[in-house]
Amino acid sequence: MAAAGTLGANLYASATPLTNIEAAADAISDFQGLTIATEVGLIESFGEFGRVFAPVNFQAVADGRMYKLKGGFDDGNIALTLGQDISDAGQALLYAYGNASNQNTYPFKITLTGADANFDTIYFGAKVMSYRTQMGSVNNVIKAMVTLDINTYIFTGAT
């Protein structure tokens, strides 16, 4: 896999929540068979995401050595920065999901431009935890700050 740039990357959301994240979102093929087609427009930044393990430390009395183990993991969240446009179909979905008080996990995909065709799409399920408006000063664009808490494994593969 060659390095790919961020320019040209797109985020797509689904209008249908995942029904069972343990059984219906545990393989890349589960996502590839879904309709994840509503593009989210005006993304300025995707932020960072990916698996992080909790540290588990144990210190032996006999030698004082700190043993470090990996504990449970969290696949993280994506802090999106958008040029706010709720008339955009993708942003309208994120706005609605972020303001709903349900526990739905929605499927998402990120497509990469210039990546190896075998690794050009990232799939995941996430809860939209927020869609917040950021107002700046005179020479700024009104932005939306969106948090997607990843609630499934992250899969990278083909479209």
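Colleague: Is Asp75 buried or exposed?

Modeller: This is a predicted model, so the value is computed from it. Buried means under 20% relative accessible area. Asp75 has a relative accessible area of 7%, so Asp75 is buried.

Colleague: Which residue forms a salt bridge with Asp75?

Modeller: A salt bridge needs a side-chain nitrogen of Lys or Arg within 4 Å of a carboxyl oxygen of Asp or Glu. Here the closest N and O atoms are 2.9 Å apart. The partner of Asp75 is Arg51.

Colleague: How many residues apart are Arg51 and Asp75?

Modeller: Arg51 sits in the loop between β3 and β4 (52–59). Asp75 sits in the loop between β5 and β6 (77–83). The pair links distant parts of the chain, and the separation is 24 residues.

Colleague: Is Arg51 buried, partly exposed or exposed?

Modeller: The class in between runs from the buried limit of 20% to the exposed limit of 50%. Arg51 has a relative accessible area of 38%, so Arg51 is partly exposed.
For Arg51, the answer is partly exposed.

Colleague: How many salt bridges does the structure hold?

Modeller: One of them joins Arg51 and Asp75. Another joins the side chains of Glu44 and Lys143, at 3.0 Å from N to O. The count for the structure is two.

Colleague: Why does the pair of Glu44 and Lys143 tie together separate parts of the chain?

Modeller: Glu44 lies in strand β3 (residues 43–45). Lys143 lies in strand β9 (residues 143–150). The pair ties these parts together because they are apart in sequence by 99 residues.

Colleague: Is Glu44 buried or exposed?

Modeller: Exposed means over 50% relative accessible area. Glu44 has 52% relative accessibility, so Glu44 counts as exposed.

Colleague: Where is Leu42, and what is its phi?

Modeller: Leu42 is in the loop between β2 (38–40) and β3. Its relative accessible area is 53%, so Leu42 is exposed. Leu42 is a residue other than glycine, yet its phi is positive. The value is near 60°.

Colleague: Which residues form a nonpolar patch on the surface?

Modeller: One member is in strand β5 (residues 66–74). That member, Phe73, has 39% relative accessibility, so Phe73 counts as partly exposed. The patch has about 280 Å² of accessible area together. Its residues are Phe53, Phe73 and Tyr153.

Colleague: What volume does the largest pocket have, and which residues are closest to its centre?

Modeller: The volume of the largest pocket is about 200 Å³. Twelve residues line this pocket. The closest to its centre are Ala4, Gly5, Thr6, Leu112 and Ile122.

Colleague: How many residues of that lining are charged?

Modeller: The lining of the largest pocket has eight nonpolar residues. Another four are polar. The number of charged residues is none.

Colleague: How many helices and strands does the chain have?

Modeller: Read along the sequence, the pattern is β-α-β-β-β-β-β-α-β-β-β-β. The totals are two helices and ten strands.

Colleague: Is Tyr97 buried or exposed?

Modeller: Tyr97 is in helix α2. The buried class lies under 20%. Tyr97 has 9% relative accessibility, so Tyr97 counts as buried.

Colleague: Where is Ala92, and how far is Ala92 from Ser130 in space?

Modeller: Ala92 belongs to helix α2 (residues 89–99). Its relative accessible area is 28%, so Ala92 is partly exposed. Ala92 and Ser130 are 38 residues apart in sequence. In space, C-alpha to C-alpha, they are 13 Å apart.

Colleague: What separates the C-alpha atoms of Thr19 and Tyr106?

Modeller: Thr19 is in the loop between β1 and α1 (28–32). At 76% relative accessibility, Thr19 counts as exposed. Along the chain, Thr19 and Tyr106 are 87 residues apart. Their C-alpha atoms are separated by 9.0 Å.

Colleague: What percentage of the chain counts as buried?

Modeller: The C-alpha atoms fill a box of roughly 65 × 40 × 35 Å, taken along the principal axes. The chain has 159 residues. The part that counts as buried is 33%.

How values were computed:
Residues are numbered from 1 along each chain as its sequence is written. This is a predicted model: local features need pLDDT of at least 70, side-chain atom pairs count only at pLDDT 80 or more; totals for chains, interfaces and linings use all residues. Side-chain values use heavy atoms; hydrogens and water are left out. On a 1 Å grid over the protein atoms alone, a cavity is a set of points where a 1.4 Å probe fits but cannot get out, and a pocket is an open set with protein on both sides within 12 Å along at least five of seven lines; lining residues have an atom within 4 Å of a point. Grid points are joined across faces, edges and corners, and a volume is the space filled by probe spheres set on the points. Ala, Val, Leu, Ile, Met, Phe, Trp, Tyr, Cys and Pro count as nonpolar, Asp, Glu, Lys and Arg as charged, and the others, Gly among them, as polar. Patches are made of residues with over 30% relative accessible area and no salt bridge: like charges are joined within 9 Å, nonpolar side chains (Val, Leu, Ile, Met, Phe, Trp, Tyr) within 5 Å. Accessible areas come from the Shrake-Rupley method with a 1.4 Å probe; for residues, only the protein chains shown count as cover. Helices (H or I, at least four residues) and strands (E, at least two) are DSSP runs, numbered from the N terminus. Buried means under 20% relative accessible area, exposed over 50%, partly exposed in between (1.4 Å probe, protein chains only).
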